[in-house]
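Hi there,

Here is the structure I promised to pass on.

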Amino acid sequence: MRISELAREAGTTPRALRYYEEQGLLRPVRLASGYRHYDPQALRVVRHIQLLLSAGLNTAAIAEILPCIPDDATVLAPTCPELLDALAVERDRITTSIDQLAGARAVLDRLIQAGARARDQF
């Protein structure tokens with residue numbers, strides 16, 4: 001399939017697909033005309049990329065993980081246990097970010113409440 005077809009099927013843009021290709025996540029075949037041609041498995045790969053990006057992983061981590069997701073039924077291939085430690089570290093990083101954001105939100109909540117009380121006094 002061509003890049004526009006894959007983008008439409010995956011709900012993304014051709015630009016995103018070209019970026020995934022630049023990062024080594026997708027490997028289309030180049031036709032004699034120069035057009036990219038994606039095999040039927042490319043849609044599955046793009047969906048996995050999108051899922052992993054939404055989990056906060058960067059493309060370097062995704063490049064390591066993709067070969068360990070052989071199909072839609074296997075979450076992580078048993079041949080890739082070394083990724084579990086890296087995924088746990090990434091999860092901890094995300095948890096730390098969430099905690100920091102929650103703290104920032106709490107400060108903003110206090111500022112908003114104090115400002116509203118001050119405004120109501122006038």
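**Charged pairs and the disulfide**

At 59% relative accessibility, Asp120 counts as exposed (buried means under 20% relative accessible area, exposed over 50%, partly exposed in between, with a 1.4 Å probe and protein chains only). Its side chain meets that of Arg119 in a salt bridge (3.9 Å, N to O), and Arg119 is exposed at 59% too. A salt bridge here is a side-chain nitrogen of Lys or Arg within 4 Å of a carboxyl oxygen of Asp or Glu.

Before going on: this is a predicted model, where local features need pLDDT of at least 70, side-chain atom pairs count only at pLDDT 80 or more, and totals for chains, interfaces and linings use all residues. Residues are numbered from 1 along each chain as its sequence is written, and side-chain values use heavy atoms, leaving out hydrogens and water.

The count comes to three salt bridges. In one of them, Glu21 pairs with Arg36, the closest N and O atoms being 2.5 Å apart. Glu21 is partly exposed at 21%, whereas Arg36 is buried at 19%. Glu90 pairs with Arg93, with closest N and O atoms 2.4 Å apart; Glu90 is buried at 17% and Arg93 partly exposed at 40%.

The whole structure has one disulfide (a pair of cysteine sulfur atoms within 2.5 Å). Cys68 and Cys80 form it, with their sulfur atoms 1.9 Å apart. The torsion about their S-S bond is about -85 degrees, so the disulfide is left-handed. Cys68 is buried at 5%, and Cys80 is buried at 7%.

Best wishes
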